[in-house]
Amino acid sequence: MLNIQKKESTSLLEKFIFPVLPPHLAAIIRVIPAAQLAYLMEIRLRVNSPLLLVLGSADIMLSAVGHIVNDLDAAYLCTRDDINKILQLISKNSLYAFEQELKMGFLTINGGHRVGLAGQAILDGGEMKALKNISSLNIRMAREIKGCGDKVMPYIISRENRLLSTLLISPPCCGKTTLLRDLIRQISRGNQEFRGQQVGVVDERSEIAACKNGIPTVDLGPRTDVLDGCPKATGMLMLIRSMSPGIVATDELGRAEDVCAVREALNAGVSILASVHGRDIHEVLARPYVGELIQHQYFDRYVVLSDRPKVGTIEKIIDSKKCKILWERE
Amino acid sequence: MWLKLAGGVLVLVVCSWVGFQLAARCSGRPQHIRQMVSCLGSLKSYITYASMPLHEALMQCTQGIYGPIADFFHHTAELLEGNGGLSPQQAINTVLGDMQGQLMLKQPELEILSILGANLGQMNRQEQGNYLTMIIEQLEKFEGEAARLRDLNTKMYRYLGICGGLAIVILLV
């Protein structure tokens, strides 16, 4: 299993990540043994700060020759030039083509890997107009783990062969997009007990399907339509009208209009498969807008994820209507 | 006698050819600037309206234009696509170096092209549009001046070539 993970990580890095890194940074990371790179979650770069690799829940600093170091003085310090070069490589010298993404603070590169950005905000009338002097980048590795939703599937399908609306709850970097992707694939594909269903995916950040020219580059099953780069609220309603899916799936609900769209979709006879940030139900309940999702029991099932002992750990599966825990990690 | 005649004809032909070449350069400059303006106008549209990636926009903006100016944009696009680490300014300067002699542009236009590369792809769409408009306006000024020089000098260079050749032949004979 680890061997497969090692190969996958190395190939993901070579195929998608190294092409957007300046050659000297790629060379530094290449020195790290494949066994360690198999756990690579993030590559963090900050101007005048060490190059950090997040492996599982810990991070490591690297020297200019790729050795793991603990001393800050021995670590390779990223320069503004490194950051600018990465942005140049990601945008292919066309930052203007990523105006909307820059406003939202992230870019998605081939393979669905998200690059988070931080810098100086330019405001116009109190609203964010653009981001300049970008000083931090966080390259997050997106992984396709087929079968990671096996444990969840039996709990989210009703006896009438219908998907029960399900909300995946997890803090950032705990594998909710990976789980969501696998659930979409399994629902779309179907199995011996469950007939595959038409799934519509609203992929606002191009993370779920990692579309290239509108075509998914990951396996989302044979009955999946993807609306790429479209705001969730608009996209959900648009898909219902245009593609009549049985299930609408989307990532990271958060805004008032997202909640409104979920309510409208549920009342249109569509099941929703979505994710939200939060450590548990109580945290989500305390959040503005999305708290309403829990309060009014819009969803039938909650799946709570954590990164203990490892990323993607399913903590609980809860029946929201009966307030009953259907499955819990020991 | 025949040798002298042949030599005279040869001198006359060479001098006339030099004169015509200079005249062609003179009349080619405004044409190249006009083509450049037209390509930059299309480039601006592809960037501001279609948000097309730079290398694709550079490739598309030459539609209907042939010759060295179209080649200049194509080669720049190919360099940018083939070598992601290259900045637009580096790509433009490389192509300008490679195409020296083919482009009938003078120092002011070449400087403008080099400046163009410095900010290409680094701004948002609106700013990129404004910047390209500024570059186009400057090139249009140069085009006006180049057209004036063409009207003034084209015939002069041709006559100078022929007459200069004749004068040399007469002096030598």
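From the N terminus on, chain B reads α-α-α-α-α-α, which comes to six helices and zero strands. Helices here are DSSP runs of H or I with at least four residues, strands are E runs of at least two, and both are numbered from the N terminus. The model is a predicted one, so local features need pLDDT of at least 70 and side-chain atom pairs count only at pLDDT 80 or more, while totals for chains, interfaces and linings use all residues. As for labels, residues are numbered from 1 along each chain as its sequence is written, and chains are lettered from A and ligands numbered from 1 in the order in which they are written.

Of the 173 residues in chain B, 29% are buried. Buried means that 20 or more other C-beta atoms lie within 10 Å of a residue's own; exposed means 12 or fewer, partly exposed is in between, and the C-beta atoms are placed from the backbone. Taking contacts in chain B between residues at least 6 apart in sequence, 71% join residues at least 24 apart; a contact needs C-beta atoms, placed from the backbone, within 7 Å.

Now for the helix packing in chain B. Helix H1 (residues 2-48) and helix H6 (residues 125-172) of chain B have axes that come within 8 Å and cross at roughly 170°. The axes are lines fitted to C-alpha atoms, for helices over the stretch in contact, with angles running from 0 to 180 degrees between N-to-C directions. H1(B) and H6(B) are therefore roughly antiparallel to each other, where over 145 degrees counts as roughly antiparallel, under 35 as roughly parallel, 65 to 115 as roughly perpendicular and the rest as oblique. The contact of H1(B) with H6(B) draws on 29 nonpolar, 14 polar and eight charged residues. In this sorting, Ala, Val, Leu, Ile, Met, Phe, Trp, Tyr, Cys and Pro are nonpolar, Asp, Glu, Lys and Arg are charged, and the others, Gly among them, are polar.

H1(B) also packs on helix H3 (residues 68-82) of chain B, at an angle of about 40° and with the axes 9 Å apart. H1(B) and H3(B) are therefore oblique to each other. By class, that gives five nonpolar, two polar and no charged residues. Elsewhere in helix H1 of chain B sits B:Leu10, which counts as exposed because it has 12 C-beta neighbours inside 10 Å. B:Leu10 and B:Ile92 are 82 residues apart in sequence, and their C-alpha atoms are 40 Å apart in space.

Chain A has 11 helices and 15 strands. Its radius of gyration is 20 Å, close to the 20 Å that the globule rule gives for 330 residues, so chain A is as compact as a globular protein of that length. The C-alpha box for chain A is roughly 60 × 50 × 35 Å along the principal axes, and buried residues make up 41% of its 330 residues.

A few backbone details stand out in the loops of chain A. The peptide bond from A:Arg308 to A:Pro309 is cis, with omega near -5°, and A:Pro309 lies in the loop between strand S13 (301-306) and strand S14 (313-319). A:Asn48, a residue other than glycine, has a positive phi near 65°; A:Asn48 is in the loop between strand S1 (40-46) and strand S2 (52-55) and counts as exposed, with 9 C-beta neighbours inside 10 Å. A:Lys92 likewise has a positive phi, near 50°, and is partly exposed, with 18 other C-beta atoms within 10 Å.

Finally, the two chains meet. The contact takes 11 residues from chain A and 16 residues from chain B. On the chain A side, these are six nonpolar, three polar and two charged.

Terms used: Two residues are in contact if their C-beta atoms, placed from the backbone, lie within 7 Å. The radius of gyration is taken over C-alpha atoms; the globule rule is 2.2 Å times the number of residues to the power 0.38.
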